[in-house]
Amino acid sequence: MTDGVLLELQGISKSYNKEVLSVDRLTLKKGQVYGIIGPSGAGKSTLLRIINLLTPPTNGVYLFEGAPLPTNGRELLKLQRKMSLVFQKTVLFKDSVWNNVAYGLRARGYQREEVKERVSHLLEHVGLADLSRRRADTLSGGEAQRVAIARAVAFDPELLLLDEPTANLDPVNVELIENMIRTLNHEKGITVIMVTHNGFQARRIADEVIFINQGRIVETGPAEKIFSNPEKESTRMFIEGRMIF
Ligand SMILES: Nc1ncnc2c1ncn2[C@@H]1O[C@H](COP(=O)(O)OP(=O)(O)OP(=O)(O)O)[C@@H](O)[C@H]1O
Ligand SMILES: [Mg+2]
């Protein structure tokens with residue numbers, strides 16, 4: 001196993017009627033925050049779903065901590081439980097905020113006391129302690145998204161995948177969520193992959209940026225480098241807002 005490598009994709013592609021994603025090689029290191037940027041339809045969500053094992057790739061090799069994907073269903077589920085995906089449009093259960101966050105812990109067999117401790121700590125942490133008894137379907141968009149992230153990280157996943165988690169949110173909630181992501185990464189060492197349309201956001205929170213265009217990874221590198229001095233012309237066009245899509 002290569003030290004510090006969380007996952008690696010080799011020759012991964014996805015085709016529906018036509019090929020929508022083709023990744024020669026992508027190596028993601030533990031403890032980093034990755035920002036995936038690129039125009040609409042580029043393949044960002046497809047890549048995230050492949051990483052989260054929701055969408056099987058048409059071809060290619062997927063290595064998690066150096067090991068190929070297990071063929072055994074139980075082992076595969078165990079692997080999937082090391083990751084958590086949060087979508088742009090949050091789907092919370094029509095239940096209390098508390099139960100939404102507790103759900104995954106109970107499903108994983110955590111003991112009552114442990115569930116209580118974790119949920120109350122998390123809700124405190126994301127500033128939602130006062131709302132713990134509220135029904136999730138009465139929350140504002142920003143509150144709901146914070147609950148979704150709290151629910152996603154309650155069981156300490158190694159990898160948190162976020163698909164445009166702050167699209168359509170007000171600046172206050174955007175900042176709260178960015179702070180949550182930063183804290184989770186710093187304090188728990190969770191590796192984060194965040195898809196965002198917003199270059200400024202990627203620049204604010206990503207260590208490494210991955211620019212995808214037309215199903216291909218065009219360029220990856222430290223956020224500062226990608227935004228100040230990209231190597232490829234299409235990257236420059238995208239970050240300068242000159243790419244028409
Ligand atoms: N289930 C599917 N069946 C057919 N085509 C699909 C499917 N899922 C995605 N695609 C196509 O794959 C391409 C990449 O889609 P994807 O959702 O990954 O793009 P994206 O970069 O996330 O775009 P956006 O920024 O708009 O969310 C698109 O052309 C899309 O229409
Ligand atoms: Mg998408």
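I take helices (H or I, at least four residues) and strands (E, at least two) as DSSP runs, numbered from the N terminus. I'm working on a predicted model, where local features need pLDDT of at least 70, side-chain atom pairs count only at pLDDT 80 or more, and totals for chains, interfaces and linings use all residues. Residues are numbered from 1 along each chain as its sequence is written, chains are lettered from A and ligands numbered from 1 in the order in which they are written, and side-chain values use heavy atoms, with hydrogens and water left out.

**Entry 1: the whole chain**

I found 9 helices and 10 strands in the protein chain. Next I checked the radius of gyration, taken over C-alpha atoms, against the globule rule of 2.2 Å times the number of residues to the power 0.38. With 245 residues, a compact globule would have a value near 18 Å, and the protein chain agrees because it has 18 Å. Its C-alpha atoms fill a box of roughly 50 × 45 × 35 Å along the principal axes.

I call a residue buried under 20% relative accessible area, exposed over 50%, and partly exposed in between (1.4 Å probe, protein chains only). On that count 48% of the 245 residues are buried. For contacts I use heavy atoms within 4.5 Å. Of the contacts between residues at least 6 apart in sequence, 67% join residues at least 24 apart.

**Entry 2: helix α3 and the cores**

I went to helix α3 (residues 97–107), where Val97, Asn100, Val101, Ala102, Gly104 and Leu105 are buried. What covers them? α4 (112–125) and α5 (141–153) are among the elements that do. Just after α3, I noted that glycine 109 takes a positive phi of about 80 degrees.

Then I looked at nonpolar cores (sets of buried Ala, Val, Leu, Ile, Met, Phe, Trp, Tyr and Cys residues joined through side-chain atoms within 4.5 Å). The largest has 37 residues, and Val101, Leu139, Leu160 and Leu162 have the most contacts inside it. Two or more residues each come from α3, α4, α5, β7 (159–163), α6 (171–188) and β8 (191–195). The largest share, 7 residues, is from α5. A second, separate core of 27 residues includes Leu28, Ile36, Leu47 and Ile193.

I also listed the contacts of valine 101, leaving aside neighbours within four places in sequence: Val119, Leu122, Leu123, Val147, Ala150, Arg151 and Ala154.

**Entry 3: asparagine 185**

Is asparagine 185 buried or exposed? This residue of helix α6 counts as buried because its relative accessibility is 9%. Not counting residues up to four places away in sequence, I see asparagine 185 touching Gly31, Gln32, Val33, Ile190 and Val192.

Isoleucine 217 is in strand β10 (residues 216–222) and, at 23% relative accessibility, counts as partly exposed. Beyond four places in sequence, isoleucine 217 touches Ser22, Val23, Leu26, Ile210, Phe211 and Ile212. I also checked lysine 44, which is 173 residues from isoleucine 217 in sequence but 9.7 Å from it in space, C-alpha to C-alpha.

Glutamine 214 is in the loop between β9 (208–213) and β10. Its phi is near 50 degrees, a positive value in a residue other than glycine. Glutamine 214 is exposed, with a relative accessible area of 69%.

**Entry 4: another positive phi**

Where is glutamate 65? I found glutamate 65 in the loop between β4 (59–64) and β5 (67–68). Its phi is near 45 degrees, a positive value in a non-glycine residue.
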